[in-house]
Amino acid sequence: KNIDHAAVDYPGDRARFKAEAKVLRAWYYMQLCRKYGPMPVVKEPIEIQAEFAKLKRPSSFQEIADYMNEEWQEMKNVQELPWRITLATEKGRMTKAVMLLLRSQAQLFAASPLYNKENDLGKWEKARDYTKEGIELLSTNGKYQLYHDASLGESSFENYFLTNQDFSAFPRDKETIMENQTTESMVNGFAT
């Protein structure tokens, strides 16, 4: 809410921070919706005195998918939000690629039998179209593609799981869209 008035080092950071916050909000919405079903879409800050019991769940998952699409439409032209992370110091930051994945995933949930009891084929077609558009945009703008290391021949797919993402404008690993930040001292979520 206050980013437009916040002190930032570089003017371009303001637009990127705002877009990243929206991708993060979409990310957390998907995490909540996966566990608890469609959650109320809250686009503006809620006052602490508000009656939270008055927040209503959407009547369908399609409302969540439509919200994800609105967010994508708003941020797809934000030049400051990158398609790919190219610096190791920015590992874990949000990108346009992550938002495209969330948009496709939300529409797939909306089309699924769990939330699409009437089997509305239009929802399935929209899921297909979002995914197709996402793949095209990712391969064109972010130069994403399935991992293949020609020097390793046919076994290159195994190597994908044994190497870390390399951060550059032209990475060897063109498949990874978002990599979790972990430390080598963590094994299965427990410190060693």
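**Figure 1. Residues around the centre of the largest pocket in the predicted model.** The lining is made up of 15 residues. Those that lie nearest the centre of the pocket are K1, K18, K22, R25 and K43. The volume of this largest pocket is about 400 Å³.

**Figure 2. Helices that line the largest pocket.** At least two lining residues come from each of α1 (11-36) and α2 (61-75). With five residues, α1 gives the most to this lining.

**Figure 3. Residues around the centre of the second largest pocket.** This pocket holds about 250 Å³ of space. Its lining consists of 14 residues, and L101, G134, I135, L138 and I177 lie nearest the centre.

**Figure 4. Helices that line the second largest pocket.** Both α3 (96-111) and α4 (121-141) supply at least two residues of the lining. The largest share is that of α4, which contributes five residues.

Note on methods: Residues are numbered from 1 along each chain as its sequence is written. This is a predicted model: local features need pLDDT of at least 70, side-chain atom pairs count only at pLDDT 80 or more; totals for chains, interfaces and linings use all residues. Side-chain values use heavy atoms; hydrogens and water are left out. On a 1 Å grid over the protein atoms alone, a cavity is a set of points where a 1.4 Å probe fits but cannot get out, and a pocket is an open set with protein on both sides within 12 Å along at least five of seven lines; lining residues have an atom within 4 Å of a point. Grid points are joined across faces, edges and corners, and a volume is the space filled by probe spheres set on the points. Helices (H or I, at least four residues) and strands (E, at least two) are DSSP runs, numbered from the N terminus.
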